[in-house]
Amino acid sequence: MSPLPPLKALQAFDALGRTGSLALAATDLGVTPGAISQQLRKLEEAVKARLVEHDGRGLRLTPLGATYHAQIRQGFAAFAEAAAVLREADADVIVLSCLTTVLGKWIGRRMRDWTDLAADARISLVGSDTEPDLSQGAADLRIYYGGRHHPPHRTELFVDHIVPVCAPSLIDGHRLTGPDDILRFPLLHIAWDPRFGANPGWAEWGRLIGTRPPPANLTYGLSGSAIDAAIAGQGFVLGQLAFIGPELEAGQLVIPFDLRLPLPDPYYLAWNPDSLRKPGARAFHRWLLGEGRAQGLVSAHRLDSSGCSETMER
């Protein structure tokens, strides 16, 4: 006898034992009575035993079949219990979905601060450039960019700014007397997904300083990739302040001239209200909003020549 008969055959046999009717078993599994009969024959062939018989009105379990079904029923009950345990274990996990670079370069770097506050909360971080359907449970919260996507429950997180940055080695030995000197170095461009609209690039930054930049030398599809290229000394990039904070602090990137441009749209936080019932979800929601406010202040301020904080105009 095979140690494990076909699962479909076992399901058909279990359905017959539970319902006591070929027709009801077929309805229970969403198949035809003929399909149930076929699976029962396969099961009897696999176990080499007679498990069902005709009683004049339909099929019924033989005494041996009834004994076998009692054991099979325990197995399917164990499957159901395992599924319930899995659902219960997953029910408390708070799923935060983010754009790929937002996860890798911004919120992912801040999660240690959250875990220090709420070590018991269970968070799952998902990087995806596809907007999940929060109403269907695809995620509990979502950080996304731009006002073209309108979930019913959302709020603005922050407006980010871009600024020219490079690796210190790129300009080592060069005397930069003004912002236009930046344009003598290789320029790295970021080509956004069209659904986010046009992002400010070197042409827009050139207008800020009153000049026309040359074409970019290299183009990247992800902000994170362009920032990594700048760290490697490949050129200047218009880096988002939210994505380059640690690199600036570590001296991997420098800002020769702090002339910033705001992004056209804010970043938003969206959520499923039902998800806020999960343990720690409301606290996590508040923490994310606080991190967004803090980032907005950092991105909109710079140091003037006297060393004082100065708000950038949007």
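**First stop: a buried pair**

Select Asp258 and Arg260: their side chains meet in a salt bridge, with N to O at 2.7 Å. A salt bridge here is a side-chain nitrogen of Lys or Arg within 4 Å of a carboxyl oxygen of Asp or Glu. Asp258 is buried, and Arg260 is buried too. Buried means under 20% relative accessible area, exposed means over 50%, and partly exposed lies in between, with a 1.4 Å probe and protein chains only.

Next, pick Asp14, Arg18, Asp28 and Arg73, which salt bridges with shared partners join into one network. Across the whole structure, the search finds 15 salt bridges.

Before moving on, a word on the model: it is predicted, so local features need pLDDT of at least 70 and side-chain atom pairs count only at pLDDT 80 or more, while totals for chains, interfaces and linings use all residues. Residues are numbered from 1 along each chain as its sequence is written, and side-chain values use heavy atoms, with hydrogens and water left out.

**Second stop: helix α5**

Select residues 100-117, which form helix α5. Helices (H or I, at least four residues) and strands (E, at least two) are DSSP runs, numbered from the N terminus. The 18 residues of α5 reach 25 Å from first C-alpha to last, close to the 26 Å expected at 1.5 Å a residue; that expected span is 1.5 Å times one less than the number of residues.

Where does α5 kink? Centre the view on Ile107, where the kink is about 45 degrees. The bend at a residue is the angle between axes fitted to the seven residues ending there and the seven starting there. Among the buried residues of α5 are Trp106, Ile107, Arg110 and Trp114.

Now show the side chains of Asp116 and Arg112, a salt bridge whose closest N and O atoms are 3.1 Å apart. These two are four residues apart in α5, so about one helical turn separates them. Asp116 is exposed at 54% relative accessible area, and Arg112 is exposed at 59%.

For another pair in a helix, go to α7 (residues 202-209), where Glu204 and Arg207 lie three residues apart, about one turn. Their side chains form a salt bridge of 3.5 Å, N to O. Glu204 is partly exposed at 31% relative accessibility, whereas Arg207 is exposed at 59%.

Colour the five strands of the open sheet in the order β4-β3-β5-β12-β6; their pairing is mixed. Two strands pair if DSSP finds at least two bridges between them. At the edges stand β4 (122-127) and β6 (154-158), each with a single partner strand, so one side of each has no neighbour in the sheet. From one strand to the next, the twist averages 25 degrees.

Zoom in on β3 (residues 93-98), which runs parallel to β4 and is joined to it by six bridges. Here Cys98 stands opposite Gly127 of β4.

Axes are lines fitted to C-alpha atoms, for helices over the stretch in contact, and angles run from 0 to 180 degrees between N-to-C directions.

Finish on Glu291 in α10, which counts as buried at 14% relative accessibility. Which residues does Glu291 touch, not counting those up to four places away in sequence? Select Trp106 and Arg110 to see these contacts, where contact means heavy atoms within 4.5 Å.
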